[in-house]
Amino acid sequence: MGISVSDPALTPISAKVEAGERLSSDDALALFDTADLLGLGALAHFANRRLNGDRVFFSANQHINPTNVCILRKNCVFCSFARSPKEEGAYLRSLEEVYHEAEAARNSPTREFHIVGGLHPKLRLEYYLDMFRGLKERHPHVQIKALTAVEVANLARIEKMSTVDVLLAMRDSGVDTLPGGGAEVFGVGVRAALADRKLIADDWLRIHREAHDMDMFTNCTMLYGHVETMADRVGHLAMLRALQDESPGFLTYIPLAYHPDHNELGERLGRTGTATTGFDDLKNIAIGRLFLDNIPHVKTHWPMVTPFLSQIALEFGCDDVEGTVVYERIYHEAGAETPMMMAYDDLVRFIRAAGKDPVERDSLYKTLRTFPDDDPILAAPSAADDHPTQATPDLTRLVGTGRA
Ligand code: SF4
């Protein structure tokens, strides 16, 4: 029996998905075009279950943003996080301040530091290498996911080094993986509208290829919901898929929803609040799963799309949930009203309430912990016991608390 779709345009795609055949760019466009959200979700769910079963991964992670000062402050019109050096709210953490912030990991389950920030005009590579070494020394059990390709390229420019040498130095100083930020949308026209001085697509892809070639795993993203067309989205996904074919190393694809508050693009577009719709958020997850057949995981980023929608995304092809976070700043500057973190136990119950098997993972997707039914976290009373299809009260408490 075939997967149930109501849009006839999805019927041939459904046959391909069942047969495990690769989807074409035209197929992806048809998926973006369809109003049959449940049919699309069923296809993506099928593809995801074939890869990941009912497992849903999460990591106990801590975000660290060493500086929000950025030389592209006036250029990336979608960014609400960056500041000019003397602008109100600009900050630069000393290494001691970073270590102090990271102390939160000592008495918590944290197993990953996620470190990204602005392109500070004066920060040298040594600052970051000292930071990575210092963090590893203090927290040897915590892996480091650090610096987008944009930051790597900026350090290479400042130091007059190759990006390969910057990556090697980062790896030797303790960096385990690279995050996937800075990709935005690769299309030339979109990039010109969003950030015409930012790293171009070819260079973003080259740096990830260089990392993969030295056996460093990385992640990839697409920032959607601003000025891009559906063809731009598909072109972006096709470039990610082509790189993964050529030089495998992407672990996770993360679609990121654009938020329009406190940035120039939002003002220009006359938008405030949430720019994307739940329909579009779910489509981006599902199409990512179906089209990127060579990337093992698709993650939902709950700080951007809300924990509620992220939970539903687990039925739309998604097998990974953004972690505990502690504390998210970048999207909250852009108006996200989601919580700044999620407690470990809440995250586990949140996944189980969707009928899935929570799996705590490390940065490389090694399983750290699974949760049998008698695990004390799951045995704790929750509304899900009475209403198995609803979110736990913990989640209700978490949503809408706004900024910390
Ligand atoms: S998106 Fe990144 S590079 Fe661009 S201004 Fe913001 S922090 Fe800087």
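**Figure 1. Crossing of helices H2 and H12 in the predicted model.** H2 passes H12 in a right-handed crossing; a crossing is right-handed if the near helix is turned clockwise from the far one by less than a right angle, and left-handed if anticlockwise. Helices are DSSP runs (H or I, at least four residues), numbered from the N terminus. Helix H2 spans residues 25-33 and helix H12 residues 278-291, and the two pack at an angle of about 160 degrees with their axes 10 Å apart. Axes are lines fitted to C-alpha atoms over the stretch in contact, and angles run from 0 to 180 degrees between N-to-C directions. The angle makes H2 roughly antiparallel to H12, a label for angles over 145 degrees. On the H2 side the contact (C-beta atoms, placed from the backbone, within 7 Å) is made by Ala28, Leu31 and Phe32, and on the H12 side by Lys283, Ile287, Leu290 and Phe291. These residues divide into 6 nonpolar, no polar and 1 charged. Ala, Val, Leu, Ile, Met, Phe, Trp, Tyr, Cys and Pro count as nonpolar, Asp, Glu, Lys and Arg as charged, and the others, Gly among them, as polar. Residues are numbered from 1 along each chain as its sequence is written. Because the model is predicted, local features need pLDDT of at least 70 and side-chain atom pairs count only at pLDDT 80 or more, while totals for chains, interfaces and linings use all residues.

**Figure 2. Packing of helix H6 against helix H9.** The axes of H6 (residues 149-159) and H9 (residues 201-213) come within 9 Å and cross at roughly 90 degrees. H6 and H9 are therefore roughly perpendicular to each other, the term for angles of 65 to 115 degrees. Ala149, Val152 and Ala153 of H6 form the contact with Asp203, Trp204, Ile207 and His208 of H9. By class, this contact holds 5 nonpolar, 1 polar and 1 charged residues.

**Figure 3. Packing of helix H6 against helix H7.** H7 (residues 163-172) packs with H6 at an angle of about 110 degrees, their axes lying 9 Å apart. That angle makes H6 roughly perpendicular to H7. Val152, Ala153, Leu155 and Ala156 in H6 meet Thr163, Val166 and Leu167 in H7. The contact comprises 6 nonpolar, 1 polar and no charged residues.

**Figure 4. Contact between domain 1 and domain 2.** The domain assignment, automatic or from a database, gives domain 1 (8-49) and domain 2 (53-398). Their C-alpha centres lie 26 Å apart, and the contact takes 18 residues from domain 1 and 21 residues from domain 2. H2 and helix H3 (37-52) each supply at least two residues of the side of domain 1 that touches domain 2. H3 gives the most to that side, with 9 residues. The side of domain 1 that touches domain 2 has 11 nonpolar, 4 polar and 3 charged residues.

**Figure 5. Residues around the ligand.** The surrounding shell (C-beta atom, placed from the backbone, within 6 Å of the ligand) consists of Cys70, Leu72, Arg73, Cys76, Cys79, Phe81, Ala82, Gly118, Leu119, Val150, Ala195 and Lys198. The shell divides into 9 nonpolar, 1 polar and 2 charged residues.

Key. Angles under 35 degrees count as roughly parallel, over 145 as roughly antiparallel, 65 to 115 as roughly perpendicular and the rest as oblique. Two residues are in contact if their C-beta atoms, placed from the backbone, lie within 7 Å.
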